[in-house]
Amino acid sequence: MRLLVAWLLALLAFAGTPAHAELPARPDGPVLDQAGVIPDADEARLDQKLRAYTQATGRSVIVATVASLDGDEVENYAQRLAETWDIGGAETEEGVLFLIAPNDRKLRIHTGRGVQERLTDALSGRIIRDVVVPRFKANDYGGGIAAGVDQIIAQLD
């Protein structure tokens with residue numbers, strides 16, 4: 001009987017634990033298009049632009065499209081991904097993650113501590129709402145992401 005009660009308690013403990021989506025591996029460059037929404041030519045230009053920006057400033061802007069958040073909240077997923085990938089580095093934390101989950105219809109611009117004063121949540125929200133979403137609604141994911149990245153870089157500079 002004790003064994004049955006212990007087994008049931010263990011089962012309940014696991015049932016109450018929130019599941020986390022498995023995170024993709026960090027790409028070799030600044031762009032991960034797991035969702036497959038960025039046209040190849042746009043992705044190549046974006047990769048080149050972001051590599052040059054990191055080289056010139058030491059700040060990193062990473063774009064990640066994911067197929068699914070697997071039920072996770074976009075804020076939690078972005079936080080875990082930024083920490084796992086060490087975006088911006090541990091010392092300066094001057095990094096930005098631009099996360100797009102098109103199938104879940106979720107976006108997030110997640111900033112490291114080193115850039116939060118220049119790229120606030122309010123400014124990030126405006127970039128998403130005014131620049132990115134209108135292009136996404138027109139089915140122009142590559143253009144929306146590129147325009148969003150341009151605004152992020154302009155704000156960081």
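A salt bridge is a side-chain nitrogen of Lys or Arg within 4 Å of a carboxyl oxygen of Asp or Glu. One of them here joins the side chains of Arg-118 and Glu-94, at 3.3 Å from N to O. Keep in mind that this is a predicted model, where local features need pLDDT of at least 70 and side-chain atom pairs count only at pLDDT 80 or more, while totals for chains, interfaces and linings use all residues. Residues are numbered from 1 along each chain as its sequence is written, and side-chain values use heavy atoms, with hydrogens and water left out.

**Confidence**

- pLDDT is the predictor's confidence in each residue, on a scale from 0 to 100.
- The protein chain has a mean pLDDT of 86, and 85% of its residues reach 70 or more.
- Helices (H or I, at least four residues) and strands (E, at least two) are DSSP runs, numbered from the N terminus.
- Helix H5 (residues 141-156) gets the highest confidence, with a mean of 96, and helix H1 (residues 2-15) gets the lowest, with a mean of 47.
- Over residues 3-18 the pLDDT is below 50, and this stretch has zero contacts (heavy atoms within 4.5 Å) in the model beyond near neighbours in sequence.
- Where pLDDT is low, the predicted coordinates should not be read in detail.

**Salt bridges**

- For accessibility, buried means under 20% relative accessible area, exposed means over 50%, and partly exposed is in between (1.4 Å probe, protein chains only).
- Asp-150 counts as partly exposed because its relative accessibility is 36%, and Lys-49 is partly exposed at 36% as well.
- The side chains of Arg-80 and Asp-72 also meet in a salt bridge, at 3.1 Å from N to O, and Asp-72 counts as buried at 11% relative accessibility.
- Back to the opening pair: Arg-118 is partly exposed, with a relative accessible area of 28%.

**Nonpolar cores**

- A nonpolar core is a set of buried Ala, Val, Leu, Ile, Met, Phe, Trp, Tyr and Cys residues joined through side-chain atoms within 4.5 Å.
- The largest one has 23 residues, and Val-63, Phe-98, Ile-145 and Ile-152 have the most contacts inside it.
- H5 gives the most to this core, with five residues.

- Four strands make an open sheet in the order S1-S2-S3-S4, with mixed pairing.
- Two strands pair if DSSP finds at least two bridges between them.
- Strand S1 (31-33) and S4 are the edge strands, each pairing on one side only.
- S1 and S2 pair in the parallel sense over three bridges, and Asp-33 stands opposite Thr-65 in S2.
- Axes are lines fitted to C-alpha atoms, for helices over the stretch in contact, and angles run from 0 to 180 degrees between N-to-C directions.
- H2 lies across S1 and S2, running at about 155° to S2.
- H3 lies across S1, S2, S3 and S4, running at about 45° to S4.
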